[in-house]
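Here are my notes for your first look at this one. Keep the 3D view open and follow the points in order.

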Amino acid sequence: MTPAESMPSAPDALAPTVTDRLVAANRGYADDFADPGMDARPVLRVAVVACMDARLDLHAALGLELGDCHTIRNAGGVVTDDTIRSLTISQRALGTRSVVLIHHTDCGLLNLTEEFRFELEAEVGQRPAWSVESFRDLDADVRQSIRRVETSPFLLHTDDVRGFVFDVRTGLLREVSVEQIPAGD
């Protein structure tokens, strides 16, 4: 067998892609869809900021229904400038009052560093303007995210901001205290 023969064949241009599968599933969904008559204001007046990790089914984990909350997801569930942008719109234009922050165990950002940006620069010739926002300590990063929300001048409602770590093995949330416990206590 020659090296060319041992190489996997190129993907069939006519084979359905994952996106094709999703669009087909949407057609089935739309067949049974009934307009729920809601507007964009979440019923529970809460915005949830969480990691984009595919293992987190936030609606099921939090007992939420369609229309209950705004869900803002990104790598790590960290509070970035874009997260503040979304929270500001959620509060000021759409009436949310509470913010729930959710990080999770076994997060990919625990093993990534800002070096990732330099590796991208070496590969593509341009360093991204954004930060990786990696972290080593889940609780410390949840606290930092809480503080970023509480100190943002753009947010009107910062009195009900709570942070949690979701355990991907048990499905349980563990609340993170804002106050850091001194070492040795």
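1. A definition to start with: two strands count as paired if DSSP finds at least two bridges between them. Keep in mind that this is a predicted model. With that, look at Leu 101, which stands opposite Gly 163 in β4. Another pair of this kind is Val 100 and its bridge partner in β4, Arg 162. Altogether, six bridges join β3 to β4, and these two strands run parallel.

2. Now the other partner of β4. Four bridges connect it to β5 (residues 173-176), this time antiparallel. Phe 166 has Leu 173 in β5 as its bridge partner. The two strands form a hairpin with six residues between them. In that turn, check Gly 171, whose phi is positive, about 80 degrees.

3. Zoom out to the sheet. What is the order of its five strands? Reading across, you get β2-β1-β3-β4-β5, an open sheet with mixed pairing. At the edges sit β2 (69-74) and β5, each pairing on one side only. Neighbouring strands are turned against each other by 25 degrees on average, if you ignore direction.

4. α4 lies across β1, β2 and β3, and runs at about 175 degrees to β2. α6 lies across β3, β4 and β5, at about 155 degrees to β4.

5. Is β4 enclosed or open? It is largely enclosed by the rest of the structure, because five of its six residues are buried.

6. Next, the largest nonpolar core, which has 23 residues. Among those with the most contacts inside it are Leu 87, Val 99, Leu 101 and Phe 135. β1 (46-51), α4 (81-92), β3 (98-104), α6 (138-150) and β4 (161-166) each supply at least two of its residues. The largest share, four residues, comes from α6. Apart from this core lies another, of eleven residues, including Val 46, Ala 50, Leu 56 and Leu 58.

7. Leaving out residues up to four places away in sequence, Val 99 touches Ala 47, Leu 87, Gln 91, Val 149, Asp 160, Val 161 and Arg 162.

8. Last stop: His 157, in the loop between α6 and β4. Beyond four places in sequence, His 157 touches Gln 91, Thr 96 and Arg 97.

Methods:
Residues are numbered from 1 along each chain as its sequence is written. This is a predicted model: local features need pLDDT of at least 70, side-chain atom pairs count only at pLDDT 80 or more; totals for chains, interfaces and linings use all residues. Side-chain values use heavy atoms; hydrogens and water are left out. A nonpolar core is a set of buried Ala, Val, Leu, Ile, Met, Phe, Trp, Tyr and Cys residues joined through side-chain atoms within 4.5 Å. Buried means under 20% relative accessible area, exposed over 50%, partly exposed in between (1.4 Å probe, protein chains only). Contact means heavy atoms within 4.5 Å. Axes are lines fitted to C-alpha atoms, for helices over the stretch in contact, and angles run from 0 to 180 degrees between N-to-C directions.
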